[in-house]
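Reader: Hi! I'm about to open a structure I have never looked at before. Could you walk me through it?

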Amino acid sequence: MSVFLQPIYTQTVGASAVASVTFNSIPQGFTDLKLVFSGRTNASSVDRDVPYILINGTSVGTTNTRLYGIPNVANGSDRSSGLNLGYVSTATNTSNTFGSQEVYVPNYSGANYKSFVIDGISESNSTTQTGLTLVAGLWSNTAAITSLSIYGGSGSWVQYSTFTLYGITKG
Amino acid sequence: MSMFPIASITVGAGGASGGVFFNNIPQTFTHLQFRIFGRTQNAGVTSIYVPATASTPSHYLQGDGASVTSTAQSGLPYGFYGTTVPSATSTFGSYILDILDYANTNKYKTYRIVGGWDANGSGRVTLGSTLQQSTSAMTSFYFDTENGFAQYSRIDLYGISTSNATGA
């Protein structure tokens, strides 16, 4: 019997902050991928960071469309190059507080371009610092995804940030 | 297998005016996921209530079919301010709530919820969050709404594990 949701890799950031977390040698036997992470960066110049992903080591061919809300600051929708993810918490936010995010990648091994759907939030005990984001992403490349690198954005991932990659098998 | 059903509660006749409780949550998983199918017994649309203290902030990004808003709220005795369930006949809201690292004692607990409802003429779709400012492992949780959840509302709890391999 196949397994619906199979954890492939998990990484937890140690005492030293890291600019990125990379999952290499992603198995090609699943239908979809799902990345779940609880992250915070050490950026001190922004109230919310915008992490991004490199696919197979590159950002070439990646684009995204976002719907975002920063309560009491701004709402909007925009489009940009790069595979930007949802907001995560930073060093300016309440201590011990981490953003929460899910990235879903259907047909990651297929011969079509690769779509991403993302929902992510940063948290803080604040009425202006947090951000909520829904993102549709695209990698305009027909190659199979074999590695994912998740960068923190302006800052590096701090201790206790956790990242888990799951493989999902269809029925 | 990494996603395990822990518990499921379906509201019976008469509704659940006292809330829906999940106690003795196992500490053997890494993440929790609640799946909520809910309708309120209140006369109108009401927020979902979850454990909170006076200092618990809530935030949401929401569309109602006409406009987009984002709001922050704190100082209320419940989380998920503005993340709502409807009261229309036979009409239920549907949400997925993730709580990552719920047993991690180095972290405050971030609740992330996505979902919404449509009532054939009105509706809301919401991405919401609540910060529980406690590093304690989460061992129980509850849901409530104004005047309680209506009959046939259902909340399921799953535990999700992770991998020992890093792929680094």
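Author: Happy to; we can go through the chains, their sheets, the contact between them and a few residues. One thing to keep in mind is that this is a predicted model.

Reader: Thanks! How many helices and strands are there in chain A?

Author: Chain A has zero helices and twelve strands.

Reader: Can you show me one pair up close? Which bridge partner does A:Gln101 have in β9(A)?

Author: That partner is A:Gly120. The two strands concerned, β8(A) and β9(A), are antiparallel and pair over five bridges.

Reader: Nice. Now the sheet in chain B: what is the strand order there?

Author: In chain B, an open sheet of eight strands runs β1-β12-β3-β8-β9-β10-β5-β6, again with antiparallel pairing. Its edge strands are β1 (3–10) and β6 (68–73) of chain B, and because each has a single partner strand, one side of each is left without a neighbour in the sheet. The twist in this sheet averages 15 degrees from one strand to the next.

Reader: How many bridges join β3 of chain B to β12 of chain B?

Author: Seven bridges join them: β3 covers residues 31–38, β12 covers residues 154–160, and the two strands run antiparallel. For an example, find B:Arg35, whose bridge partner in β12(B) is B:Asp156.

Reader: Changing topic, what are the overall dimensions of chain A?

Author: The C-alpha trace of chain A spans about 45 × 35 × 30 Å along its principal axes. Its radius of gyration is 16 Å, which agrees with the value near 16 Å for a compact globule of 171 residues. Of those 171 residues, 50% count as buried.

Reader: And chain B?

Author: The C-alpha atoms of chain B fill a box of roughly 50 × 35 × 30 Å along the principal axes. A compact globule with 168 residues would have a radius of gyration near 15 Å, and the 16 Å of chain B agrees with that. In chain B, 45% of the 168 residues count as buried.

Reader: What share of the contacts is between residues 24 or more positions apart?

Author: Counting contacts with a separation of 6 or more, such residues account for 80% in chain A and for 76% in chain B.

Reader: Got it. How many residues of chain A are in contact with chain B?

Author: 41 residues of chain A are in contact with 37 residues of chain B. On the chain A side, the elements that give two or more residues include β1 (5–12), β3 (32–39), β9 (114–122) and β12 (162–168). The largest share, seven residues, comes from β1(A).

Reader: What kinds of residues are on that side of chain A?

Author: They divide into 17 nonpolar, 21 polar and three charged.

Reader: Which residues touch the most other members of the largest nonpolar core?

Author: Those are A:Leu35, A:Leu148 and B:Val50, in a core of 70 residues. Apart from neighbours within four places in sequence, A:Leu35 is in contact with A:Val103, A:Leu148, A:Phe163 and A:Leu165. As background, nonpolar side chains tend to be buried together in soluble globular proteins.

Reader: Last one: where is A:Ser154 found?

Author: A:Ser154 is in the loop between β11 (148–151) and β12 of chain A. It counts as partly exposed because it has 16 C-beta neighbours inside 10 Å.

Reader: Which residues is A:Ser154 in contact with?

Author: Leaving aside neighbours within four places in sequence, they are A:Thr41, A:Ala43, A:Ser45, A:Val46 and A:Asp49.

Key
Residues are numbered from 1 along each chain as its sequence is written. Chains are lettered from A and ligands numbered from 1 in the order in which they are written. Two strands pair if DSSP finds at least two bridges between them. Helices (H or I, at least four residues) and strands (E, at least two) are DSSP runs, numbered from the N terminus. Axes are lines fitted to C-alpha atoms, for helices over the stretch in contact, and angles run from 0 to 180 degrees between N-to-C directions. Two residues are in contact if their C-beta atoms, placed from the backbone, lie within 7 Å. Ala, Val, Leu, Ile, Met, Phe, Trp, Tyr, Cys and Pro count as nonpolar, Asp, Glu, Lys and Arg as charged, and the others, Gly among them, as polar. The radius of gyration is taken over C-alpha atoms; the globule rule is 2.2 Å times the number of residues to the power 0.38. A residue is buried if 20 or more other C-beta atoms lie within 10 Å of its own, exposed if 12 or fewer, and partly exposed in between; C-beta atoms are placed from the backbone. A nonpolar core is a set of buried Ala, Val, Leu, Ile, Met, Phe, Trp, Tyr and Cys residues joined through C-beta atoms within 7 Å.
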